[in-house]
Amino acid sequence: MTILMPKITLYIATSLDGYIAREDGGIDWLPESAESGYDVFYKSIDTVIMGKTTYDQVLTFGEYPYKDKKSFVFTTTTQTKDENVEFVSDVNKFVKDDFPGVGKNIWLVGGAQIIASFLKQKVVDEIIVTIIPVLLGRGIPLFKNIESDTKLELIKTTKYIQLVDLHYKVLT
């Protein structure tokens with residue numbers, strides 16, 4: 001019996017110089033509203049995966065925004081209950097066990113540590129990077145602790161009024 005693996009897409013915004021947040025985690029530089037592909041992408045997914053730092057950041061926005069999706073938060077610390085998410089402590093076991101409880105289309109939200117872990121496991125299928133027209137100079141880089149080459153194929157670019165999406169297929 002063949003197990004159908006879910007499709008995992010990293011969909012993330014970055015400054016033109018490659019940062020996903022300020023050094024303190026701040027994302028005040030992201031536009032509050034701008035024409036983008038976010039709404040269409042969001043409708044296409046049924047599961048979100050994020051790291052604990054990203055989860056903590058999301059909670060500062062008010063009500064949990066992904067209540068209509070299955071949500072998994074990867075953390076190494078003990079967590080209190082949250083009816084909106086399932087906390088997972090071991091990325092390797094989660095992948096080895098064929099992503100228990102996930103749907104068919106997964107959004108890998110971020111941050112940098114969980115992105116590196118999933119790339120290391122070679123389970124990311126596509127990467128969509130939205131370029132925000134700002135230079136931060138320093139901050140949390142989109143990619144860090146990447147242990148080996150990951151070859152990509154550009155499959156589509158989409159220009160919006162101020163933003164650009166670069167859509168890649170992960171080859172290796």
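Which element supplies the largest share of the lining of the largest pocket? In this predicted model, the answer is α2, which contributes 5 residues. The pocket itself has a volume of about 1,500 Å³. Its lining comprises 46 residues, and the closest to the centre are I12, I27, L30, T54 and V109. Helix α2 spans residues 52-59, and several other elements join it in supplying at least two residues each, among them β1 (7-15), β6 (105-110) and β7. Sorted by class, the lining holds 23 nonpolar, 15 polar and 8 charged residues.

Two or more lining residues come from each of β1, α1, β6, β7, β9 (152-159) and β10 (164-170). Here the classes divide into 7 nonpolar, 6 polar and 4 charged residues.

Is T130 buried or exposed? Its relative accessibility is 6%, and buried means under 20%, so T130 counts as buried. Leaving aside residues up to four places away in sequence, T130 touches Y11, I12, A13, T14, L163, V164 and D165. With D165, the link is also a polar one: the two side chains make a polar contact at 2.5 Å.

Notes:
Residues are numbered from 1 along each chain as its sequence is written. This is a predicted model: local features need pLDDT of at least 70, side-chain atom pairs count only at pLDDT 80 or more; totals for chains, interfaces and linings use all residues. Side-chain values use heavy atoms; hydrogens and water are left out. Buried means under 20% relative accessible area, exposed over 50%, partly exposed in between (1.4 Å probe, protein chains only). A polar contact is a pair of N or O atoms within 3.5 Å; within protein, one must be able to donate a hydrogen and the other to accept it, and residues adjacent in sequence count only if both atoms are side-chain atoms. Contact means heavy atoms within 4.5 Å. On a 1 Å grid over the protein atoms alone, a cavity is a set of points where a 1.4 Å probe fits but cannot get out, and a pocket is an open set with protein on both sides within 12 Å along at least five of seven lines; lining residues have an atom within 4 Å of a point. Grid points are joined across faces, edges and corners, and a volume is the space filled by probe spheres set on the points. Helices (H or I, at least four residues) and strands (E, at least two) are DSSP runs, numbered from the N terminus. Ala, Val, Leu, Ile, Met, Phe, Trp, Tyr, Cys and Pro count as nonpolar, Asp, Glu, Lys and Arg as charged, and the others, Gly among them, as polar.
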